[in-house]
Amino acid sequence: MSPEHADRTRGSPHGAPGAEQEPRVGVYVCHCGHNIANTVAVDEVAEWAGGQAHVTVARDYKFMCSSLGQELIEQDIKERGLNRVVVAACSPHMHEKTFRNTCQRAGLNPFLFEMANIRELGSWATDDREAATQKAKAQVKGAVERAVLQRPLDPLYVDINPNTLVVGGGIAGLTAALELANAGYHVYLVERDSSIGGHMAKLDKTFPTLDCAACILTPKMVDAENHPNITLMTWSEVLSVHGYVGNFSVRVRKRARFINEELCTGCGTCVEKCPVRIIDQNFEVGLGYRKAVYRNFPQAIPKYPVIDPDNCTFFQRGKCRACEIVCPTDAIDFKQKDEIVDLEIGNIILATGYEQFDARTIPQYGYGRLANVFTSMEFERMVNAAGPTAGRVVLRDGVTAPKRVGIIHCVGSRDKKYHEYCSRACCMAALKFAHLVHERVPEAEVFNFYIDIRAAGKHYEEFYHRVLSEGAHLIRGRVAEVTDAARGPGEEGQLIIQVEDTLIGKQRRIPVDMVILMAGMEARKDARQVANLFGLGCDFEGWFTERHAKLDPVVTMTEGILIAGACQGPKAIPESVAQGSAAAARVAGMIGQRTMKMEPVRASIDADSCSGCRICNNLCPYHAIVYHEDRRVSEVLTALCQGCGACVAACPSAAISGAHFTRDQVMAQIEGILWDARQPEVLWLEPA
Amino acid sequence: MAKPTFAMYWAASCGGCEISLLNIGEKILDVDAAFQVVFWPCVADFKYSDVEGYPDGYIDLCLFNGAIRNSENEELAHLLRRKSKTLVAFGSCAYEGCAPGLANLTTNAATMRTIYTDCLTTDETRDRLPQPLSMVPEGEIRIPVLYETVRALDQVVPVDYIIPGCPPEAHQIAAVIQAVISGVPLPAPGGKVIGAGTVAVCEECPLAKNVKQITRFYRPYELVPEPGICLLEQGLVCMGPATRSGCGALCPQVGMRCEGCYGPLDGQDQGARMLSAIASVVAAGGPDQDEAEQEHAIAAVMDTLADPAGTFYRFSLAHSLLRRVRVAEPGT
C-alpha cells in the first residue's frame with residue numbers, strides 16, 4: 001500500500017469533512033434489550049469508542065430505535081455539535097432509515113450517518129462474549145473511520161408514472177389489477193396463456209367452503225376484461241424491462257393468435273369445425289383434448305380462440321382452412337404476425353404463480369407407469385363439471401368408477417430429496433378430494449395418507465372433521481411405494497399402497513383401484529430468467545425473494561418491482577388474493593406520492609480518467625452505462641443507476657466511483673475494522 | 001556557472017533502463033552538455049567511495065533503477081538518497097519491484113536450490129552455494145547478502161519522483177530531461193509519477209473496443225489476434241485497462257498484449273484492479289443456468305488463464321497489496 005493510504009485513517013486532509021470542519025462523531029451502542037447486551041459488553045464498547053480518534057461522545061442505551069434513544073442522538077447533535085453519527089445496533093435493513101431521519105430532524109445530513117450491525121453479524125452469531133465484544137469494537141471503529149469520510153448527499157426525486165404492469169393473470173394478478181383499476185389507475189395485465197384465470201380456472205370446488213371456483217373467478221375475469229382502466233394482453237410475454245422505479249420501459253410481445261380480435265365474436269364455430277384433435281397438456285393436464293384452434297375453456301377471457309400453428313393442418317401442410325371457411329365474420333387471419341408493444345410503466349407487480357411438481361420424479365409412486373395413478377390437477381379436471389369427464393370420477397378407462405381411492409399427501413413436498421418445504425394447500429385439497437369422491441361415488445372408500453394434517457386457516461379444521469365424519473380413512477405415514485405387484489389374495493388387479501402406519505406402528509398394504517398424488521407446488525422452471533429480466537432475487541428453490549419475510553412480503557429489493565401470490569412461495573387462494581390486494585395498495589400509495597425520493601447512492605465516471613476500455617459496458621443490470629463513440633469514454637446515466645456498484649468494482653482504472661461508497665470510504669472502513677490486526681510479517685534477513 | 005550534477009545507478013535490474021536512457025538518441029549529447037556526470041557505473045568509472053566523498057545533496061539529479069534485492073542495493077539506496085537533491089525511481093524495478101519482485105512468490109532457499117542443486121547443467125559447482133563470507137589465501141571475501149524479500153526503492157528510502165516503464169520510453173525520458181534542463185518546474189516532489197500519462201493505456205490504443213464477454217483466455221503463442229480489435233476481447237489478457245499510459249500503446253498495436261510495465265494508475269493496485277475487471281467480463285453461462293452450472297462455466301473459463309500471479313503482478317508484486325507469499329516457519 002502506498003504511503004498515502006496509510007495516513008488517511010489518521011485524520012489527513014482526506015479525513016476532514018468538507019475540509020473546513022473537524023469531524024465530531026457520536027457513537028451509540030444499542031443493547032437491543034438482551035439481544036445484543038447479553039453477548040456484547042455494550043458498556044465496554046461504548047467506553048472504548050469514547051477514547052477513539054474523531055469520537056466526541058459515545059454512549060450505550062437500551063433501545064436506540066425508541067423515541068428516547070433517538071432523542072439522545074438529536075440532543076447530542078444540537079448540543080455537542082456532532083457532525084457524524086454512528087449507531088452500533090441491528091442491520092441497516094432494519095433501522096438505517098430510522099436513524100437517518102433522526103439525523104435529518106436534528107439538522108444533520110442523513111448521509112453523515114453510519115450503522116454498525118453488531119446484532120445479526122455479532123451477538124446473534126456467537127455465544128462467545130469476548131469475541132463478540134472485540135468484533136463489535138472493530139465494527140464500530142470501521143464505521144467511525146468511514147463516517148469521517150462521508151459527504152453530505154442530496155436525495156434525488158423522480159416522477160412516478162401512474163401506469164402499472166401486472167404480469168400473470170391468475171387470481172393474485174387479477175386481484176391486483178382490479179384493485180388498482182378500481183382506484184382509478186391504469187393497468188396493463190400481461191398473461192402468457194391465451195386466457196386469464198390461472199390455475200384457479202382449472203379447479204372445480206375450493207376448500208373449505210366448497211364454493212364453485214368458476215362461480216367466484218369468472219366474474220372477476222369479466223370485470224378485468226371490461227374495465228376501462230385495464231388493458232388486457234393475453235398470449236403475451238414481457239421481453240425486456242429497462243429503467244427504474246416510476247419510469248420503466250417494458251417491451252411486450254403479443255403472440256399472433258391468427259384471429260382478428262376486431263372481427264371475432266367468440267362464437268366458437270371454428271373450434272367446433274376444426275378437424276384436428278390433440279391432447280391438451282396445458283389446461284386439461286393431458287386428461288382431455290383440444291382442437292388446433294382452441295380456447296382453454298368456454299368461459300375463457302378473452303373469448304377469442306388461438307390457432308396453434310404447430311398442430312394446424314394449414315400451417316403444417318398448407319391445406320384445410322376449415323376455420324376460415326366457417327367463420328361467419330372472416331376473423332381468421334393466417335398472416336397475422338407477432339406484435340411488439342412498448343409500454344411506459346411506473347410499477348410492476350409480478351404474479352407469475354407456480355408449477356405443479358412433476359410426479360414422475362418419484363418413480364416408486366408409479367405416475368406415468370401405472371395407469372390409475374393420477375395427479376391432483378388431473379383429479380381437479382376430472383371432478384370439474386366442465387372437464388373432460390364432465391365431473392364423473394372414473395378410472396383411466398373412462399367408464400369404471402373407483403371403489404377404493406388412495407390419496408397420497410406431500411408428493412414432492414416436505415421431502416429433503418425433492419422440496420423441503422410444505423406446499424401449504426395440498427392437505428386441504430386432499431381433504432376436499434376425499435369429500436368429492438364420497439359425493440360423486442358414494443359407495444367408494446377413501447384413504448388419505450398424510451404426514452401431518454396442516455389445517456391452519458379459517459374453518460379449515462372444521463372441514464377436516466367434516467371429512468372425517470364422512471368416513472374418510474386417514475392413515476398417518478409416508479407412502480413407501482405404489483405397486484401393481486400382488487403378494488396375496490385381494491391384491492390381484494389392484495394398486496397396492498405400501499405404508500408404515502405410524503399411529504399403530506405397523507407396515508400396511510392397502511389395495512385401491514385409484515391413487516391420487518397430491519403433487520406440491522414448485523417455482524416455475526423459468527423463474528430465474530424472469531427474476532433476471534425484472535432484476536429481482538430468487539431463493540434456492542426459485543421463489544422470488546421479498547424485501548422482508550414478515551414486514552414487507554410483497555415488495556422486493558428492487559424499487560418498483562412487487563410480487564404477489566405463489567411466485568413468492570406456495571400459497572392457497574386466500575393468501576394469493578391478500579397479496580394481490582396488498583401489492584396493489586403499495587403501488588397505489590406510491591402513485592399517490594406522484595414523486596419519489598431516491599437514494600443518491602449512484603455511480604459516476606470521471607471522464608478524464610476513463611480510457612474507454614469498455615469493460616463496464618455490459619455489466620450494468622439497469623442498462624445505465626452508455627459509451628460515447630466520439631469521445632471514447634463511458635458514462636453512467638444517473639437517473640438509471642441504482643447504485644449497485646458492479647461497475648465501480650470492475651473499472652480497471654478506478655475511473656468509476658460510487659457516491660456514499662467511495663474507495664476512500666471503503667478502504668478507511670476496512671482499515672478501521674483491522675485496527676488491532678497485526679502488521680503482516682515480512683520475512684526479513686538483516687545484513688550479516 | 002557549474003553544471004548541475006547527474007548520477008545514474010543500477011540496483012537489482014537488467015540494464016534495460018540504462019539502454020533506454022542512451023536510446024534517447026542525440027539528446028544524450030544535451031545531457032552531457034547540461035550535466036556533469038558524477039556517478040554512473042554503467043558508462044563511467046566511479047567508485048562508491050567517490051560518492052561517499054561528496055557532500056550531502058551534492059547530486060542534483062539521480063536516476064535510480066533496479067529493485068532492492070540485497071544489502072548492497074539497500075546501502076546504495078541510502079547513500080544516494082543522502083547525496084541527492086532529487087532522487088528518481090527510474091523504471092519499473094525501482095518503482096514497483098518488476099521482475100526481480102517476482103522472487104517474492106518464493107523463498108531464497110528455493111531459488112538457490114533451483115540454481116545450484118536442481119539445475120541440470122550445473123556440474124562442478126553443484127550444491128556449492130554462494131556464501132556472504134569466504135576465506136581465500138589472500139584474505140576474506142564478502143559478497144552482498146541476498147534479502148528474502150525484494151522491495152521497491154520507495155519502500156526503503158523516500159523518493160521524489162517516479163518514471164515508470166520497463167524500460168521507460170525514450171521519448172518520455174527525453175521530455176523529462178528536457179524539462180529539467182530548460183528549468184520547467186516539476187510538480188511538488190513526494191513520489192509523484194512523471195513522464196507518463198494519467199489514464200489507462202487503452203486511451204492511447206487505437207484498437208477498436210467493443211463490449212466484452214470472454215469465453216476463453218489465450219496465451220500469446222496460442223492465438224494470432226484479429227487485427228484492429230481489442231486484444232482483451234479476443235481472450236488475450238491485455239493489461240492495458242489497468243496500466244498507466246505513456247508508452248503510446250506500442251505492444252497492443254502490433255498484436256502483443258500489454259504486459260502492464262507502466263504500472264498501476266494513481267493509488268491503485270494493478271493486479272487487483274485487473275483481476276476484478278476480468279472477473280466482470282468472463283462469460284458466466286446463460287441466465288437459464290443455475291448457480292452451480294454458472295460457477296462451473298466461470299471456472300472453466302478461468303482455468304484457461306495461465307499463471308495469474310505472473311500475469312496480473314508481473315511488474316507490481318513487490319509494491320502491491322500482496323507483497324510476498326507467506327512462508328511457513330520450519331517445523332510448523
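Student: Which residues in α2(A) meet which residues in α5(A)?

Tutor: This is a predicted model, in which local features need pLDDT of at least 70, side-chain atom pairs count only at pLDDT 80 or more, and totals for chains, interfaces and linings use all residues. Residues are numbered from 1 along each chain as its sequence is written, while chains are lettered from A and ligands numbered from 1 in the order in which they are written.

In α2(A), the residues E44(A), V45(A), W48(A) and A49(A) meet T133(A), A136(A), K137(A) and V140(A) of α5(A); two residues are in contact if their C-beta atoms, placed from the backbone, lie within 7 Å. By class, the residues of this contact are five nonpolar, one polar and two charged. Here Ala, Val, Leu, Ile, Met, Phe, Trp, Tyr, Cys and Pro count as nonpolar, Asp, Glu, Lys and Arg as charged, and the others, Gly among them, as polar. Helix α2 spans residues 42-50 of chain A and helix α5 residues 129-149; their axes come within 10 Å and cross at roughly 35°. Such axes are lines fitted to C-alpha atoms, for helices over the stretch in contact, with angles from 0 to 180 degrees between N-to-C directions. The crossing of α2(A) and α5(A) is right-handed, that is, the near helix is turned clockwise from the far one by less than a right angle.

As for the setting, chain A has 17 helices and 34 strands, which are DSSP runs (helices H or I, at least four residues; strands E, at least two) numbered from the N terminus. Of the 688 residues in chain A, 47% are buried, meaning that 20 or more other C-beta atoms, placed from the backbone, lie within 10 Å of the residue's own. Among contacts in chain A between residues at least 6 apart in sequence, 70% join residues at least 24 apart.

Elsewhere in chain A, strands β22 (residues 445-450) and β23 (residues 473-476) run parallel and are joined by four bridges; strands pair if DSSP finds at least two bridges between them. The chain passes from β22(A) to β23(A) through helix α13 (residues 460-469) in a right-handed β-α-β crossover: with the strands pointing away from the viewer, the path from the first strand over the helix to the second runs clockwise.

Finally, 27 residues of chain A are in contact with 33 residues of chain B. Helices α14 (527-534) and α16 (646-650) of chain A each supply at least two residues of the side of chain A that touches chain B. That side of chain A has 15 nonpolar, nine polar and three charged residues.

Notes: A residue is buried if 20 or more other C-beta atoms lie within 10 Å of its own, exposed if 12 or fewer, and partly exposed in between; C-beta atoms are placed from the backbone.
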